[in-house]
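Okay everyone, thanks for coming. Let me put the structure up and walk you through how some of its pieces pack together.

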Amino acid sequence: MKIICEGIDLSEAILKVIKACASRTTVPVMECIKLSAKNDTITLTATDGEIAIQKKIKAEICEEGEICVPGKFFCDFIKKLETVQITLAANNGKMDIIYADSQTSMQVLSAEDFPKIDVEVNENSVKLKTEELKKLISATSFCCATDDSRPILKGCQIVVKGGDVTVTALDGFRLATAKGKVESSTGDIEIICPARTLNEIDKMLPSDDGETELKIKKGILLVCVDDTVLTSCLYNGDFINKDNIIPRAFQTTVKVEREILKASIERAALLVRSDRNSLIIMDIGQGKILISSNSDLGNVNEPVKADVDGKDLRIAMNSKFITEAINALQEDKLVLSFNTSVQPFICENEKNKDALYLILPVRTTNNA
């Protein structure tokens, strides 16, 4: 294989696909990027077995072929050559990188052992406005679990029914659900997509007013944006039914200014950021929320004016969870709805109810 290309084009393509390289594996080829040179195109592919990213760039192909290069080293090295033209010449398990008046050699692997990536995924599909898809991902994916104790919770449930789409995520301590509209679909669809996949899709998506199509086939999701193709395995299993978790009635509801509440919580959280639960307390009643936190560093007590309807309440919560929910909401006023100090509460916009966040309180000696 022998190719000539611009360093900046190659570097940008590598940075797209390197995210799919495996970092901890006993299979060396999974840490590699496969380079395929054919006609006038180089195709770069990386996969860790769950997610695969493929990117195509134009180049002068002197000799067609395929090889696998060590992903991290190749990425770091080519990044230093973005301003020059590069020649890659591979033969007999070695590749020469020729640039300006210099030459570097590196060991490469055969492409024969690289996993086959299925890009013929077109059994079912759903098309959304790109802006809508980005909004749904950012509103939910941060609530997915990050550990492997319940793998299915590392993904978001995506349900397409009629012209609506609902995305739900939970990690056992909180839940996020957001609704949107689809432009078209091949029918009703229900999948569980890894949060990592959705976050990579979000980074791929342009910031224009176009549309993005999600293609699905037998446990595989495919998204194509320009010359970049992402494929991902989907999770199998039964997702938790959110309708069985979200309360339908509340004893206490609170309307409060978003920015004022957020700022007060963030100040209270500073004292407890080293604690496992980052615990803050809300005392709700008499037209205000009293936000407090206590640690060896000191204590914070701040009243926040609010419209309170219902019973007075004292409730403890993880400051990170409530802050992330507030950040995901957009309106000037929020509504917090509670039952008891040990039951989940919800946080949502005052008017637009397309997104909802449910948070499990922290049990303390005062509310256990």
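Axes here are lines fitted to C-alpha atoms, for helices over the stretch in contact, with angles running from 0 to 180 degrees between N-to-C directions. Helices are DSSP runs of H or I with at least four residues, strands are E runs of at least two, and both are numbered from the N terminus.

Which residues of α5 make the contact? Arg-258, Leu-261, Lys-262, Ile-265, Glu-266 and Ala-269, and they meet Ser-319, Ile-322, Thr-323, Ile-326 and Asn-327 of α6. Contact means heavy atoms within 4.5 Å.

One caveat: this is a predicted model, where local features need pLDDT of at least 70 and side-chain atom pairs count only at pLDDT 80 or more, while totals for chains, interfaces and linings use all residues. Residues are numbered from 1 along each chain as its sequence is written, and side-chain values use heavy atoms, leaving out hydrogens and water.

Now the sheet. It's open, with 9 antiparallel strands in the order β6-β2-β3-β4-β18-β17-β16-β10-β14; strands pair if DSSP finds at least two bridges between them. β6 (65-70) and β14 (184-185) are at the edges, each with a single partner strand, so one side of each has no neighbour in the sheet. Helix α1 (residues 7-17) packs on the sheet, touching β2, β3, β4 (51-58) and β18 (228-233).
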